[in-house]
Amino acid sequence: MNPVSIFKTIRSRAMLLSQLSALAIGSTLLTTPSAQAVPPQVKTQAPGYYRMMLGDFEITALLDGTVTLPIHTLLTNTTPAEVEKRLAGEFLKPQLETSINAYLIHTGSRLILVDTGAGVFFGEKGGGQLLTSLKAAGYQPEDIDTVLLTHIHGDHSGGLTLSGEASFPNATVYVDQHEADFWLNPANEASAAANQKAGFATAATLFAPYLAAGKVKTFQGNTQLFPGIRTVSSYGHTPGHSFYAIESQGQQLQLWGDLLHVKDVQFASPSVTIRFDVDSPAAAQQRQKAFANAAKQGYWVGAAHISFPGIGHVRKSGNGYAWVPANYSLPR
Ligand SMILES: [Zn+2]
């Protein structure tokens, strides 16, 4: 057999084998139900953290979970129809799945958590995953030395305790004096709006182990807490609602807490408010001021209820503003 005919023989045998195996596969497909051929759908998301560097500081956005809210019935100083129209324009429904974000700052010498997620505040409806996200991100609750609260609402302070025990046993909790004076004084409950009343008993329970250990500290308005960490008063949503401005190597990130709840409505219309506001007109004014400042200065922003990780920039757009989410990046 010459080399050419050997090659032809090998090739024809190879073709025959491949045809036979194709037939075998075909018969397998015909006889085996396809449902058994693949594993069940997994239906989990990637671990709930997102990392970025801010100068020398490591910032980790932590997802506490999501909760679905009937947002068209909660926003005020607008109409349900207007809200539905705006959301539809973003391919969203008025029953809006809303992120609950917290932020971890590693300064090199401190490990600081800004807000603690909802804990059991929303029950089965969502949230309460902050510790899982924290551990997935490479840290333990005991590692945290400082908790900064933007305000004392259940979805921001609810993760302070678990079954009455401090979730962050080595941390000191910081909050604005006006916030502590309001929520930690049961005498204020009588005069509070109906939908705010439950907040007083909740706050007392959540703060109890930290108060007992002498680990609650308050600040008065704009205050430099640590190198690179200062507070910015934004009273309105609650009496002592505060931002935290984080700065390292000329870069700045402002953590806004509940300055806004629905980015797809309130950036375009900062005057739109929400039922959870203690003082809605003041909250709207703070939002307008913060949006204008962020658009002018160009710093990073992180917000608790902007779709996770809730980090991005603000730019001017027409008569309002627009949100520019962070470009996906690896921390270096
Ligand atoms: Zn709030």
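Me: What makes β17 and strand β18 a pair, and in which sense do they run, parallel or antiparallel?

Reply: Happy to walk through it! In this predicted model, β17 and β18 (residues 320-325) share six bridges. Two strands pair if there are at least two bridges between them, so β17 and β18 count as paired, and the sense is antiparallel. For a spot to look at, glycine 312 stands opposite proline 325 in β18.

Me: What lies between β17 and β18?

Reply: Two residues separate the strands, which form a hairpin. In the turn, glycine 318 has a positive phi of about 60°.

Me: How do you know that strand β16 and strand β17 pair?

Reply: Strand β16 (residues 300-302) and strand β17 (residues 311-317) have two bridges, in the antiparallel sense. At least two are needed, so this pair meets the cut-off. Here, glycine 302 stands opposite isoleucine 311 in β17.

Me: Now to another strand. Why is isoleucine 59 called buried?

Reply: Isoleucine 59, in strand β2 (residues 57-70), has 25 other C-beta atoms within 10 Å. The cut-off for buried is 20 or more, so isoleucine 59 is buried. Across the protein, 43% of the 332 residues count as buried.

Me: Which residues does isoleucine 59 touch, not counting those up to four places away in sequence?

Reply: They are Met52, Leu54, Tyr103, Ile105 and Leu253. A contact needs C-beta atoms within 7 Å. As for leucine 104, its C-alpha is 5.7 Å from that of isoleucine 59, although the two are 45 residues apart in sequence.

Terms used:
Residues are numbered from 1 along each chain as its sequence is written. This is a predicted model: local features need pLDDT of at least 70, side-chain atom pairs count only at pLDDT 80 or more; totals for chains, interfaces and linings use all residues. A residue is buried if 20 or more other C-beta atoms lie within 10 Å of its own, exposed if 12 or fewer, and partly exposed in between; C-beta atoms are placed from the backbone. Helices (H or I, at least four residues) and strands (E, at least two) are DSSP runs, numbered from the N terminus. Two residues are in contact if their C-beta atoms, placed from the backbone, lie within 7 Å.
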